Amino acid sequence: MITLLDYGAGNVRSVVNAIESLGETVRPVNSPEDILSAERLVFPGVGAFGSMMEILEAREYVAPLKAYLQSSRPFLGICLGMQALFEESEEAPGVPGLGLMKGRVKRFTIGEAVPHIGWNGIKARQPSPLFNGLRGDEKFYFVHSYHLAPDDPDVILTATDYGYEFASAVQQGNVMGTQFHPEKSGAHGKRILANFLAADTEAVTPPRNPQTTTLAKRIIACLDVRANDQGDLVVTKGDQYDVREEGQVRNLGLPVELAQRYYDEGADEITFLNITGFRDFPLEDMPMLEVLKQTSRNVFVPLTIGGGIRDYTDKNGRTYSALEVASEYFRSGADKVSIGSDAVLIAEDYLRTGQKTGQSAIETISHVYGSQAVVISVDPRRVYVADPGDVPHRTIETASPGPNGERYCWYQCTIKGGREGRELDAVSLAAACEALGAGEILLNCIDRDGTNAGFDLELINAVKAAVTIPVIASSGAGCEAHFEEVFTRTTAESALAAGIFHRREIPIGAVKNYLQGRVEIRP
Ligand code: 1PR
């Protein structure tokens with residue numbers, strides 16, 4: 001029996017699912033006594049250090065946790081659950097951690113994008129039961145802006161490089177913690193969990209130990225989901241956002257089945273976009289929540305969900321906040337939420353007033369769940385101009401001139417799935433959303449969507465130059481070489497595709513085989 005400490009701030013469902021898939025039963029902590037009586041405790045943490053410690057204090061969990069940690073019974077902290085073992089964090093100055101290990105948690109100070117999101121390697125620093133069955137050169141899924149700086153090097157279990165070397169796992173007796181998410185790291189992550197669950201596993205040193213580790217470029221499969229005219233939830237795919245063919249919504253398969261296929265084929269992440277979320281309210285759209293619940297039972301890579309994340313008042317006058325909508329998605333198995341239309345309206349307000357209200361969907365969700373959980377999905381369309389002075393927007397000089405030979409263009413933000421253009425450019429939107437607390441940009445491009453003509457490199461470079469958070473390049477992938485192109489001619493951290501995967505034109509494995517040796521990937 002595994003006891004799981006859930007303080008309600010994120011996706012513990014995936015940890016439960018991963019443990020249950022290994023044949024174990026999970027008992028959630030409901031009272032301080034449950035911690036004291038645990039035989040094996042798993043503490044997955046997501047969100048922010050300050051709010052985590054506040055909740056642990058309010059529930060009177062801090063003293064029993066400290067007692068448990070002193071008892072030499074097995075403990076596995078994941079991400080923030082590991083950071084909690086230390087004395088304090090720069091994320092919440094003055095808020096004490098559990099203090100079992102000396103040292104603090106620091107924000108990354110590097111030239112690379114922060115958060116550190118994606119699959120990176122580990123360098124073993126001591127033998128551990130967690131390493132049984134691993135070669136040592138596997139990659140695991142990280143998502144964090146803060147990292148450990150332990151005073152005592154002897155507690156470091158693994159180190160990882162991102163800008164510089166940081167401690168990515170710790171071990172002191174039976175107390176272990178990983179910065180990466182084993183529950184989101186596919187088969188190798190499940191192996192680590194299985195090793196923790198098994199009693200009396202021998203401590204081993206993995207046979208391989210990389211000198212350096214490198215963050216992989218991620219390949220993301222995207223499933224645009226909506227109800228078809230018969231009312232069934234299907235994966236669809238548009239050409240420049242038009243998903244109808246001969247009047248019917250294109251049906252490319254069932255969401256749960258396709259997600260499973262992409263996981264099996266090696267997708268590094270899966271994104272679901274509820275493309276009619278701008279008009280349907282997701283909390284009334286239970287099938288979408290069900291899709292997440294079912295998918296997260298068997299798919300152990302990160303899941304992002306977008307569509308309809310905004311404040312909403314239903315026909316009975318009940319108001320739901322965007323935070324409540326997002327929370328429901330997280331409880332159903334999502335790791336990140338993606339905000340589309342509402343992000344444009346939020347950014348417009350922010351740019352007009354210069355004020356952060358603290359009330360927007362971006363701010364409220366990132367405050368509770370951390371910025372890494374908030375993706376902004378951008379749906380821009382090219383608008384050509386003869387002279388940059390003609391418009392008050394950020395323009396670029398383009399190598400593909402417009403229909404009248406225009407040498408400049410700007411990328412107009414749209415809302416409601418491309419139906420309404422706004423007086424805001426995608427570069428300004430991305431920068432504003434980063435300032436408000438977003439952790440990643442999903443950069444679509446209506447002109448390229450479904451065309452197989454390759455990613456819009458000019459758009460990606462323009463947005464990358466304006467933000468420090470990771471960017472997912474999206475729209476237009478038509479062959480393996482397009483992925484190499486986007487990773488070598490831009491600094492995008494990941495690339496997303498839909499049509500070529502759905503139509504089985506190019507499987508994810510073929511993309512990865514092609515990239516092997518050319519671009520760092522997770523094999
Ligand atoms: O505005 O917060 O409710 O979110 C709605 C979400 O649904 C947004 O993220 C928006 O991008 C998405 N969306 C709305 N309408 C459509 C549509 O296609 N009619 N799909 C749509 C967006 C674009 C990509 C696509 C890539 C790759 N889909 O995600 O998967 O372009 O395609 P490709 O590889 O086939 O070229 P809100």
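Biologist: Which residues lie nearest the centre of the largest pocket?

Modeller: In this predicted model, the largest pocket holds about 840 Å³ of space, and its lining divides into 15 nonpolar, 21 polar and twelve charged residues. That lining is made up of 48 residues, and those nearest the centre of the pocket are Tyr241, Leu273, Ile275, Asp379 and Gly417.

Biologist: What takes up the space of the largest pocket, and which residues are closest to the ligand?

Modeller: The largest pocket is the space taken by the ligand. Around the ligand there is a shell with nine nonpolar, 14 polar and four charged residues. This shell counts 27 residues, and the closest to the ligand are Ser341, Ser377, Asp379, Asp449 and Ser475.

Biologist: How much of the accessible area of the ligand does the protein cover?

Modeller: Asp224 places a polar side-chain atom 2.9 Å from a nitrogen atom of the ligand, while a backbone N or O atom of Gly476 lies 2.9 Å from an oxygen atom of the ligand. Of the 770 Å² of accessible area that the ligand has on its own, the protein covers 99%.

Biologist: Which elements give two or more residues to the lining of the second largest pocket?

Modeller: The second largest pocket has a volume of about 610 Å³, and among its 42 lining residues Gly47, Tyr369, Gly370, Ser371 and Gln372 lie nearest its centre. The elements that contribute two or more residues to this lining are strand S3 (41-45), helix H5 (80-83), strand S9 (139-144) and helix H11 (361-369).

Conventions:
Residues numbered from 1 in each chain as written. Predicted model: local features only at pLDDT ≥ 70, side-chain atom pairs only at ≥ 80, totals over all residues. Heavy atoms only, no water. Near = heavy atom within 4 Å. Polar contact = N/O pair within 3.5 Å; in protein donor to acceptor, adjacent residues only side chain to side chain. Areas by Shrake-Rupley, 256 points an atom, 1.4 Å probe, with all protein chains shown as cover. 1 Å grid on protein atoms, 1.4 Å probe; cavity = no way out; pocket = protein on both sides within 12 Å on 5 of 7 lines; lining within 4 Å. Sits in = over half its atoms within 2 Å of the grid points. Nonpolar A, V, L, I, M, F, W, Y, C, P; charged D, E, K, R; others polar. Points joined across faces, edges and corners; volume = space filled by probe spheres on them. Helix = DSSP H or I, 4+ residues; strand = E, 2+ residues; numbered from the N terminus.
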